[in-house]
Amino acid sequence: MTILNNTAANSGGGIRLTGSSYMSVLYDNTLIALNHAPNGYGGGINIVVPAHADIASPGTGSLGVVYANDALHGGGMAVTAGSSSGQDAHVHLYTVDPARPVRVQQNFASENGGGIYAKGYQGFPAINRATVCAFDFRIDDNGAPDGSAIYADYATDGIEDAASDIHLNHSIFDSPDCRAGLPAFARRCAAGVPCNTINDNVAGDADGNATLAATIRIGRSSTLAGDRFVMQGNEGAYAIRSDDWPACISNCLLIDNDVTRQLLNSDSGLLEINNCTIANNVILSTYTIHAEGPLTLTNSIIGESGNLALDCSGGPADLQVDYVLSSDVSTLPAVEGVALGHATFIDAAHGDYHLQLNSLGVDYAPAIVGDDRDLDNFPHDQDVSVTNLWGVHDLGAYERQHPCSSADTVFRDGFESP
C-alpha cells in the first residue's frame, strides 16, 4: 500500500483517523510519504480521539513507513485528544521485522513536532491524554523549529493535569494503554541493527536557520518516560527539554549531539536520569544539565570535557546524586560513589560505548532489586570478577556481561558466551 503526495486543507495529509476507529499498519512495502497538511496536524497521519493506531511496518526498501511528510504540527504524525469525556487518542509504534525497525523518517513540521506531535486536552469535565508508545523504533532525520523529533503539548480551558504522554520502551510509567503491552507478533530488533534511535534530527526552520529549540520537547503538563534509547547526531539548542511534569530517562546513550545550550534542560518538573552514558557531545553552554526543579542522577557516566556537569537552582532537598563517574565533580555533591574520572569505552570513535573490562564504572554501584535491563536489553548486576567498589552494578547505558567478549579479548577457549 502506498499513500503518496496528498494534501489536506486542514489535518491528516495522508490519513486522518477519527471516531471510535482502529488502524493497523503492519506489512512490508507500505509507505505513507510526501503528504502535506500545511495548515494543521499530521502530514502523514492524524490520529484523532478516540481512535487508536498500531504502526509497525518496516516501510518500503530503505524508506521508513512514515517518510518525508510535512505539516504545521506533526510532520510525520500527530496524535490529538478531544475536549469531551473519554476522548483519549493513542498510537503504538513497534517492530515486526527484526532487521528493519519501524521508522519515522525525514518528516518536517513548520511549527513543532517534526517526527511526532502529541496534543492532549485539559478542561472540565474532561482531561484527555494523547499517548505515544514506542517500542523498538527509529525516529531519525526529522526537522522542526521545536521538537524536531517529538513534541508533546496540550490544549486547555484552565484545568491542569497530565495531558500528553511519551513512552519510549517504557510500559509501566502511568499509561494504561502502554501497560497493555505488545502483540505476540511484535519482535525485538536484531543484534547489530540500529534500533531505538532518535538520531540526526535538526531544530530549524524551513530555510535551514537554526532555532533555540529541542530534539525532544515535553511541554507543560506532559510527561516523558524513556528507557533503552539512543540520541545521536541531533542539532538544536537542547537534546531534551521539559517543563513542569516528570521527564524520566534510563539506560540511555546521548552522544555526538550538537547543542547551543544545555544537553538536558528541565523547568520545574522532576528530571530523573538513571544508567545513562552522556559523552562526547558539543555543548556550547557552560553546563551539561540544567534543572530548576528536582533532579535525580544515578548510576550514570558524564564524559563532557570542558563542560561543568550540573546547574541546579532548586534547594538541597531537590538534588539526589548517587554513583556517578564524571569529567567534572565541582558541581556534584561530595557523596559516596561520585568520582572524578573518564570511562574507557571499547570503540567510542565508531559509536561503541560498551565499557572495556578494566574501565572505571564496571562493577561500581550496589545491585538493583528487580529485573532491570541495559540498553542491549541484557540484565544489569553482572559480576565480571574485577574489583567491586560498592557492588556489581555497572554505570552507564551498558552492563558488562562477561569478561571475555569478542570485541576486546585476544585469547578465548571457545566456551565463553559472546
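Buried here means under 20% relative accessible area, exposed means over 50%, and partly exposed lies in between, computed with a 1.4 Å probe on protein chains only. This is a predicted model, in which local features need pLDDT of at least 70, side-chain atom pairs count only at pLDDT 80 or more, and totals for chains, interfaces and linings use all residues. Residues are numbered from 1 along each chain as its sequence is written, and side-chain values use heavy atoms, with hydrogens and water left out. Helices (H or I, at least four residues) and strands (E, at least two) are DSSP runs numbered from the N terminus, and two strands count as paired if DSSP finds at least two bridges between them.

**Strand E6 and its partners**
- Strand E6 (residues 45–48) is covered on both faces, with Ile-45 and Ile-47 buried on one side and Asn-46 and Val-48 buried on the other.
- In a regular strand the side chains alternate between the two faces of the sheet.
- Strand E2 (residues 15–17) pairs with E6 in the parallel sense over three bridges, and Arg-16 stands opposite Asn-46.
- E6 also pairs in the parallel sense with strand E10 (residues 77–80), over four bridges, where Ile-47 stands opposite Val-79.

**Strand E11 and its partners**
- In strand E11 (residues 89–93), five of the five residues are buried: Ala-89, Val-91 and Leu-93 lie on one side, and His-90 and His-92 on the other.
- Strand E7 (residues 52–55) pairs with E11 in the parallel sense over four bridges, with Asp-54 opposite His-92.
- E11 and strand E16 (residues 130–134) pair in the parallel sense over five bridges, with His-90 opposite Thr-131.

**Two individual residues**
- Pro-183, in the loop between helix H1 (176–179) and strand E21 (197–199), is partly exposed because its relative accessible area is 25%.
- The C-alpha atoms of Pro-183 and Asp-54 are separated by 10.0 Å, although these residues are 129 apart along the chain.
- Tyr-323, in strand E36 (residues 319–326), is buried because its relative accessible area is 13%.
- Beyond four places in sequence, Tyr-323 is in contact (heavy atoms within 4.5 Å) with residues including Thr-298, Glu-336, Tyr-364, Trp-390 and Leu-395.

**Confidence**
- The mean pLDDT (the predictor's confidence in each residue, from 0 to 100) is 89, and 88% of the residues reach 70 or more.
- Over residues 157–162 the pLDDT is below 50, and this stretch has 22 contacts in the model beyond near neighbours in sequence.
- Residues 411–418 also have pLDDT under 50, with nine contacts beyond four places in sequence.
- Where pLDDT is low, the predicted coordinates should not be read in detail.
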